[in-house]
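Please look over the sequence and the model before reading on.

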Amino acid sequence: MTLDKYLIAHCSPTLASLKTANMFTCRYESEAGLQAAVAAWNELFDEKGVSLLVLRESDGLALIYVCRKKRLARDLQQPGVQEFLHEYGYDRTDVDGALCTLQQRLAEQDGFPHEIGIFLSYPLADVRGFIDNAGANSLCTGCWKVYCNECEAVKMFNRFKKCREVYSRLYASGSRDILQLTVNVG
């Protein structure tokens, strides 16, 4: 199983260290093959500070979370985030504990729990805005629905888009492989 194309298409901002995390869904033939592919990428990415985690598996589809755990630890310490996560049943807000709870919440439902935005580096105000407005009334939509700081969000969306374009071009040309494109921040 090769995850290369998914990593470039969906996770370039995380590989470039512009964003804490991204996720994608991919098909897999066998659970053993999926686990082997994730383990292989984790070994390769270890020195770069990037981790892959299977958040959910169902009917031959896997939801893969690609993150920078050190950055996620900082995100989880942002003002109001721990209290927010406690509202949704997160007893632990350290990285491993929070990710474990997220996996449990994903297993309990078909969709996505709204707090998942915190794990994807969406601003808390936008996550709360989405919940409070049931997904309506956003100022704009890009990687997420924006309810606060529209100008800053649009700039960020443009940076992410440019990053994906550059990474896709460099990878497709063969001039750089995924490890060469992954920023090393430890």
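The protein has 186 residues and a radius of gyration of 16 Å, which agrees with the value near 16 Å for a compact globule of that length (taken over C-alpha atoms; the rule is 2.2 Å times the number of residues to the power 0.38). This is a predicted model: local features need pLDDT of at least 70, side-chain atom pairs count only at pLDDT 80 or more, and totals for chains, interfaces and linings use all residues. Residues are numbered from 1 along each chain as its sequence is written, and side-chain values use heavy atoms, with hydrogens and water left out.

**Fold**
- Nine helices and five strands make up the secondary structure (DSSP runs, H or I of at least four residues and E of at least two, numbered from the N terminus).
- Their order along the sequence is α-β-α-β-β-α-α-α-α-α-β-β-α-α.

**Nonpolar cores**
- The largest nonpolar core has 25 residues, and Leu3, Leu7, Phe24, Phe45, Leu52, Ile64 and Val66 touch the most other members (a core joins buried Ala, Val, Leu, Ile, Met, Phe, Trp, Tyr and Cys through side-chain atoms within 4.5 Å).
- Elements supplying at least two residues each include α1 (4–15), β1 (21–27) and α8 (150–173).
- A second, separate core of 22 residues includes Ala21, Leu55, Leu76 and Phe119.

**Cysteines**
- The whole structure contains zero disulfides (cysteine sulfur atoms within 2.5 Å).
- Cys140 is buried at 16% relative accessible area (buried is under 20%, exposed over 50%, partly exposed in between; 1.4 Å probe, protein chains only).
- For Cys140, the nearest cysteine sulfur is that of Cys151, 9.8 Å away.
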